[in-house]
Amino acid sequence: MNMDKINEARAKITDESQKIGGPLANFIEEHVNSHCTTIDVAAKVMDRNLSDLIKKIEGEARKNKTGNIGMISDADVIEMTDEFYELKASAKPSAAAPGVVDVLDLI
């Protein structure tokens with residue numbers, strides 16, 4: 001069933017986030033889970049590792065170093081996450097997404 005694969009991908013990214021720990025991993029996990037509504041996105045989540053993305057983000061933050069502090073904006077993290085998991089190309093959350101109720105259907 002499709003939802004089983006989506007739920008498996010969501011569980012994977014959550015598990016990876018918990019193992020890595022910290023606000024960056026949690027931020028990415030929440031963003032990815034909000035977009036993990038299709039089999040295509042779920043497959044990409046299953047094929048990639050959050051730790052690889054974190055390393056890439058940390059490397060980018062080091063390039064933007066100010067003093068001893070690496071910096072990167074939330075928008076840049078979201079953009080890098082979208083590219084890494086191909087979220088924008090694969091799916092966008094919509095009213096037709098599983099688990100979302102369109103209130104017009106209730107009228």
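Student: Why does Lys 12 count as buried?

Tutor: Lys 12 has a relative accessibility of 17%. Buried means under 20% relative accessible area, exposed over 50%, and partly exposed in between, with a 1.4 Å probe and protein chains only. The value of 17% therefore puts Lys 12 in the buried class. The model is predicted: local features need pLDDT of at least 70 and side-chain atom pairs pLDDT 80 or more, while totals for chains, interfaces and linings use all residues. Residues are numbered from 1 along each chain as its sequence is written, and side-chain values use heavy atoms, without hydrogens and water.

Student: Where is Lys 12, and what does Lys 12 contact beyond its neighbours within four places in sequence?

Tutor: Lys 12 is in helix H1, residues 2-20; a helix is a DSSP run of H or I with at least four residues, numbered from the N terminus. Beyond those neighbours, Lys 12 touches Val 45, Met 46, Arg 48 and Asn 49 (contact means heavy atoms within 4.5 Å).

Student: What makes the pair Lys 12 and Glu 16 a polar contact?

Tutor: Their side chains are joined at 2.8 Å. A polar contact is a pair of N or O atoms within 3.5 Å; within protein, one must be able to donate a hydrogen and the other to accept it, and residues adjacent in sequence count only if both atoms are side-chain atoms. The side chains of His 35 and Ser 34 also form a polar contact, at 3.1 Å.

Student: How do you know that His 35 is buried?

Tutor: The relative accessible area of His 35 is 7%, so His 35 is buried. His 35 lies in helix H2, where Ala 25, Ile 28 and Val 32 are among the other buried residues.

Student: Why is H1 called roughly antiparallel to H2?

Tutor: Their axes come within 9 Å and cross at roughly 175°. Axes are lines fitted to C-alpha atoms, for helices over the stretch in contact, with angles from 0 to 180 degrees between N-to-C directions. Angles under 35 degrees count as roughly parallel, over 145 as roughly antiparallel, 65 to 115 as roughly perpendicular and the rest as oblique. H1 is therefore roughly antiparallel to H2.

Student: What makes H1 and H4 oblique?

Tutor: The axes of H1 and H4 (residues 50-63) cross at roughly 55°, so the two helices are oblique to each other.
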